[in-house]
Each structure stands twice: as C-alpha cells, then as structure tokens.
Amino acid sequence: MAVKCVNGTFVGKKTENIIAYKGIPFVGKQPVGELRWKAPVEVVPNDGVYEAFYYGKTSWQAEGSPASFYVQGEDCLYLNIWKADDGGTKKPVMVWIHGGAFETGGPIEYDSHNLVKENPEVIVVVVAYRLGALGFLHLSHLSDGADYPDAQNIGLLDSVASLKWVHENIANFGGDPDNVTIFGESAGAGICTMIPLIKGSQKYFKRVIAESGAPSQTQSTEEAIACTNEIIEALGRKTVAELLKVDAEKITNTVADLFGLFKTFQVRTIPERDGKILPPDPWAAYANGAAKDIAFLHGCNKDEMNTFSGLMGEEFWKAWVYSRENKRFAQLSDKEKALLESYYNGLEGGEFERTSNLFSQSWFIAPQIRLSEEQTKGGGKSYTYYFTAESKLPMIKSGHAIEVAIIFDNKEDAAAAEADFDENFCKTMRKMWVQFAKTGDPSLSADISPDGKAKVWPLYDTENKQVMVFDEFNIHAEKESALKIVDWDKTYFLSNYSFL
C-alpha cells in the first residue's frame, strides 16, 4: 500500500479492498507567508515515507459548508486518491474539482470509496485549490501589485498544478496518465471548462465532465478590480504588503460579511477573464477550436436555482432578486430587457417560481447550451445532458447539485436532500460517467447497462441539438426543441453575461 512518488513515498489505508491515500501535497511549498497570492510551487524530489491517512487542511472559508467545519489553513494544497487493490494498471483516472461558488467547500466532502468500489476499473482523485479572496483576488492594480500577476486566477493555477502532479505520479498507483478526465460540479465544473483554455494545460487530461458549470462563471478585469477595492477598503489596507500582514481568517470573514455566499448570496471572488491566464472571450475561444481535442460530457438540472430559492425562503429570495435585478440586469440593452420581460411574463406560476426559473436560465441553463454550441462549432465533441429527476422536497424539485450524491453514491447526502432516487437510475448515471472516462463515449451497451438495456447517447450537433434526458424512470435522448430547455430568442443571450 506504499506508493513511491516524486515528492515522497505515501502509505495508504485499505478498507474493503479500496485503498485511500489522503493528504498528499501536490506542491513543493504550501502558499503561506510570502507565497500567499503566488503561483503554486512545483514539487521537489523527496525520499521520505509518509502516512497518507488524513485529509489535508481545508482552504480558508467562512462557516457554511460541511468542509468549513474541518481544520482550515492556507497550507491547503493536497489531493486524495482512491483505487481498488486489484493489481490493475493503466486504469482511467477521474480527477474531481469541487464546487462551492469558488469560496467554499473542499475535498473532505467527496469521499470516493463507494464510487470506486462499484467501479474498480477507474481511479478517482479529489483535489483542493485556494478559495475566495485567497484564490481569486486582482492585485496588479495596487501600487506594489506587479509582483502578483496571477492572484486573480490563482485557484485555477492550483488546479492545473494538481493535474500536473497526477500526470507525473498516477502511473505508480496503477493509473493511466494519458487517460485522465477532469470532472466537477458548479464552480468545480466552471473550473473544468476554464482549464482547457489555459495554455499548456491540455497535456494533463483528455476529457471533461462539467455538471452545471461553464466559462460564463467569470468576471471582467473591471469587475475584479471593483471587488478588490471594496475588500481593501473594508480591511483598511492599500497595498499588497499591508494585506500580507492580515491573517487569512480575518480576510475571509471580512469578505464573507461583504458578499459571502452564506450571508448575502453574492458570488464576487471568481475567476477573471484577464487575457493572460483566461482569454477575454471564452466563448469565442471555444468556437475557434481551443478545446477541439477535448471531449466533453456536460449539462444542467431542470430547476437549478430552486436549490437556493427553496433554502432561502420566499422573503429573503425576493429581496435578493430585487438587488440582483437592479445591479445585474442593468447591463442589458433595452432590446434585451424587453425580451427578458416577455419571457418572464410568459412563465407560469407566481413571482417565486418565475424568478427562480429566470435565474436558472441565466446562471446555469443558457450557459450550458451555449457550451454545447460553441464546442461543437469549434470541431469538438459534446455529450449534453438535461437532468429532470426531482427531489421529494417540493420547493427544490430538480435543483442545483442534487445529482452529486448520485455520482459519489453518497446515500447520506441523497437522504438529506430527499433525493434518494431509483437505484438502477443512479447506477446507470454513474456507469455513464465512468464509461465516458474510459472510452470518451458515455453510451452503454446492454451487457454493461445496469438495467440490461442499451443506452445510446448521441453527440450534440448544431442542427438536431440532441441531449440525454436523465428522467428517473426513462433515461433517453431527445431533441432540445422538444424539451425547450432554453428560449433561443429570449434567454440564450444571457450566456453573454455573468449574473453571478
């Protein structure tokens, strides 16, 4: 159970024939002290032997997610590996990048024992990255900010560094470094769709699975600078040198008070379209073939925003909608505002239902269909899905993230969301994800399909626009025109804007 890697030999712990290796550093030095807001440091050779029994620290974040109650620190760049102890080699590798609005969450929430136990032919890796203001903070406009040219997208560079470590070491665990799939949900999915656009990254992976996340989850340089200026004013600081003297917990809590996910439901510390790490127009990059050699499996849930609106309650939700409409919809042209108003007025239900629908379109649904379009136009492959299975919680319905418990076979999370779906449905979804990671095609032949019935998942094309519908009792392919996932005239244009 000891595996020799570039930066040490790591001893894992075996349970039910699955070996877990936790808390493996994928950098040479952790980003503390003067390395805060600096690019990740490459690993250096190390002959030491280390117990890999426990998760590394969680990246600093305000209280809210399950990961936030685990020990936190800036020294957080670690990864975790699950593999079957069966002597297999050249196994496909699936690297999970967690979600959490770029400011919360962590690897501790994604134990992969059950996923690998059911699918021992793959190896699963779960990685960490810097979050919030420590991972996505524009600094180069400050008087001494020139030495921090990557700070606005440092969390993305952490993710690439973890993939580099996997590429160089995973063969020693029995994995195939030339058959790596990155997958994630929400912000993690967004990162998975941004990484292919980062120069030099594509040599570390060949496939992407993106659940409810797209490159629209970014901001302009102007927006990033405005965010930084609010933060430094609240902290009473003016330079990077002064910011380095502020402890990470104070920075994190100050940002949470200003616009934290769990306090104000704003999403401000996010990746930047800086023209350096990310292109100014990610959609154009996709349309021009930037990721044509990368196969995609991606999609969205029918009622994405209901997870948030349902948990907030009607009063808080209405106040939030009012503030977001005033701030974000102001950027639309008069023609676009009229189209959006027409769409809104044509929806069924009350204000609560209609605004949830509207923000589902702008945050998640329109960007996913746009990703299918641009990736296909650019000559790449896109297998697109539409998840429609509903939670038993009436206000959540087919809300954001309820499918994650399926992928990791986490029955506790499923029960908490009252989304304990049909077992064949869940096994089939997992098997399709694994089959895509293995072969680049998620279709299942009858002999490997959990219900014994073949599932053919057609590629998305710009004429037929077929998607795979994950109905709990009827997984099937269907044209987007029959489903009306997006309104091509009245909501598709929302993918041009970031409404986070």
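A cavity is a set of grid points where a 1.4 Å probe fits but cannot get out, and its lining residues have an atom within 4 Å of a point. Keep in mind that this is a predicted model.

**Exercise 1.** Find the residues that line the largest cavity, and sort them by class.

Solution. 
- Start with the space: the largest cavity holds about 100 Å³.
- List the lining: Trp60, Gln61, Ala62, Glu103, Leu131, Gly132, Ala133, Thr252, Val255, Ala256 and Thr269.
- Sort the lining: 6 residues are nonpolar, 4 polar and 1 charged. Gly counts as polar here.
- Trace the elements: α2 (132-135) and α7 (248-259) each give two or more residues. The largest share, 3 residues, is from α7.

**Exercise 2.** Describe the second largest cavity by volume, lining and class.

Solution. 
- Its space is about 70 Å³.
- Its lining includes Tyr55, Lys57, Cys76, Asn80 and Pro107.
- The classes are 6 nonpolar, 3 polar and 1 charged.

**Exercise 3.** Which residues have the most contacts inside the largest nonpolar core?

Solution. 
- The core has 82 residues.
- Ile81, Val125, Trp165 and Phe173 have the most contacts inside it.
- Helix α3 (residues 154-169) supplies the largest share of this core, 8 residues.
- Now take Trp165. Beyond its neighbours within four places in sequence, its contacts include Cys5, Ile24, Phe26, Leu79, Ile81 and Phe173.
- Another core lies apart from the largest one. That core has 42 residues, among them Phe387, Val404, Phe408 and Met468.

Definitions and conventions: Residues numbered from 1 in each chain as written. Predicted model: local features only at pLDDT ≥ 70, side-chain atom pairs only at ≥ 80, totals over all residues. Heavy atoms only, no water. Core = buried A, V, L, I, M, F, W, Y, C linked by side-chain atoms within 4.5 Å. Buried < 20%, exposed > 50% of the residue type's maximum accessible area, 1.4 Å probe, protein only. Helix = DSSP H or I, 4+ residues; strand = E, 2+ residues; numbered from the N terminus. Contact = heavy atoms within 4.5 Å. 1 Å grid on protein atoms, 1.4 Å probe; cavity = no way out; pocket = protein on both sides within 12 Å on 5 of 7 lines; lining within 4 Å. Points joined across faces, edges and corners; volume = space filled by probe spheres on them.
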